[in-house]
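I opened my notebook to look around a protein chain and jot down what turned up. Here is what I had on screen.

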Amino acid sequence: LFDNAGVVSLAARQYPALALIVIGTGLLVGTVWGRARSLILLGLLVMPFAFAGSLVTVPIEGGVGERFYSPTGMEQLKDAYRLAAGRMELDLSGMSWGPEPVRVDATVAFGEILVTVPRGVHVAFDGQAGVGDIRFFGGHRGGVDVDLESSAGDPNSDARLVLDAESGFGSVRVVRTPTPAKELQ
């Protein structure tokens, strides 16, 4: 009601928590008036959804399915790549790199992100996974609420990528291609 009226703005992941608040309030009122035992079962049923919603911090947008992006220049590169559920592959091996760092933000709520970067490109990486794993070249972290901030490659390289990738439930992988990056233009 308050969300529709514009008084507050709730994300989809916050509704199960709101339901638990309402059920908890009903249980407190039930201690005075009685007959609130059935709310215990309802609260137990809602609790896994509230927990799962707390782990998904990425926007649930961008469609469902398999997406493949292979930009070759800055004009084809998007600032943000979003996918609600599925597999997103971003292949930067054919990219023409300029003197400015390339910034990319990629999110998937449920699924996998695979980013392929050519050799010779310095990558500054910030990755998160609510539940799942992150593989950044040789490094790996997995579990619940996973964060990995790292960089790889020659920091003096003219070809630089600043990558922010996040998965709610799933994985984030960043790999190198065996071919060198295109010459700077």
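This is a predicted model: local features need pLDDT of at least 70, side-chain atom pairs count only at pLDDT 80 or more; totals for chains, interfaces and linings use all residues.

My entries below go from the overall layout to single residues.

**Entry 1: the layout**

I looked up the elements and found 3 helices and 6 strands. Their order from the N terminus is α-α-α-β-β-β-β-β-β. The chain has 185 residues, and 37% of them are buried. I also looked up the accessible surface, which is about 10600 Å², with 59% of that belonging to carbon and sulfur atoms. Then I checked contacts between residues at least 6 apart in sequence, and 64% of these join residues at least 24 apart.

**Entry 2: who pairs with whom**

I went through the strands next. E1 (residues 64-69) runs parallel to E2 (residues 80-91), with 6 bridges between the two. I picked Phe 68 and found its bridge partner in E2, Glu 89. E2 is also joined to E3 (residues 102-119), again in parallel, by 11 bridges. There, Arg 87 has Glu 112 of E3 as its bridge partner.

E4 (residues 122-136) and E5 (residues 139-152) are antiparallel, and I found 13 bridges for them. Val 131 sits opposite Val 144 of E5.

**Entry 3: the nonpolar core**

Which residues touch the most other members of the largest nonpolar core? I found Tyr 81, Leu 92, Trp 97, Val 104, Val 115, Phe 125 and Leu 161, out of 31 residues in that core. At least two core residues come from each of E2, E3, E4, E5 and E6. E3 gives the most, with 7 residues.

I followed up on Val 115. Leaving out residues up to four places away in sequence, Val 115 touches Leu 90, Leu 92, Leu 163, Arg 173, Val 174 and Val 175.

**Entry 4: the salt bridges**

I found 5 salt bridges in the structure. One of them joins Asp 105 and Arg 82, with the closest N and O atoms 3.0 Å apart. Asp 105 is in E3 and Arg 82 in E2, so this pair ties together parts 23 residues apart in sequence. Asp 105 is partly exposed at 22% relative accessibility, and Arg 82 is partly exposed too, at 24%.

Arg 87 came up again: its salt bridge with Glu 112 has its closest N and O atoms 3.1 Å apart. That pair links E2 with E3 across 25 residues. Is Glu 112 buried or exposed? Glu 112 counts as buried because its relative accessibility is 18%, under the 20% cut-off. Arg 87, at 24%, is partly exposed. I also saw that Arg 87, Glu 89, Glu 112 and Arg 173 are linked in a network of salt bridges.

Arg 135 and Asp 133 form a salt bridge as well, at 3.4 Å between the closest N and O atoms. Arg 135 is partly exposed at 38%, while Asp 133 is buried at 18%.

**Entry 5: a serine in E6**

Last, I looked up Ser 167, which is in E6 (residues 160-180). What does its side chain reach at 3.3 Å? I found the backbone nitrogen of Gly 170. A polar atom of the Ser 167 side chain also lies 3.4 Å from the backbone oxygen of Gly 111.

Conventions:
Residues are numbered from 1 along each chain as its sequence is written. Side-chain values use heavy atoms; hydrogens and water are left out. Two strands pair if DSSP finds at least two bridges between them. Helices (H or I, at least four residues) and strands (E, at least two) are DSSP runs, numbered from the N terminus. Buried means under 20% relative accessible area, exposed over 50%, partly exposed in between (1.4 Å probe, protein chains only). Contact means heavy atoms within 4.5 Å. Accessible areas come from the Shrake-Rupley method with a 1.4 Å probe; for residues, only the protein chains shown count as cover. A polar contact is a pair of N or O atoms within 3.5 Å; within protein, one must be able to donate a hydrogen and the other to accept it, and residues adjacent in sequence count only if both atoms are side-chain atoms. A nonpolar core is a set of buried Ala, Val, Leu, Ile, Met, Phe, Trp, Tyr and Cys residues joined through side-chain atoms within 4.5 Å. A salt bridge is a side-chain nitrogen of Lys or Arg within 4 Å of a carboxyl oxygen of Asp or Glu.
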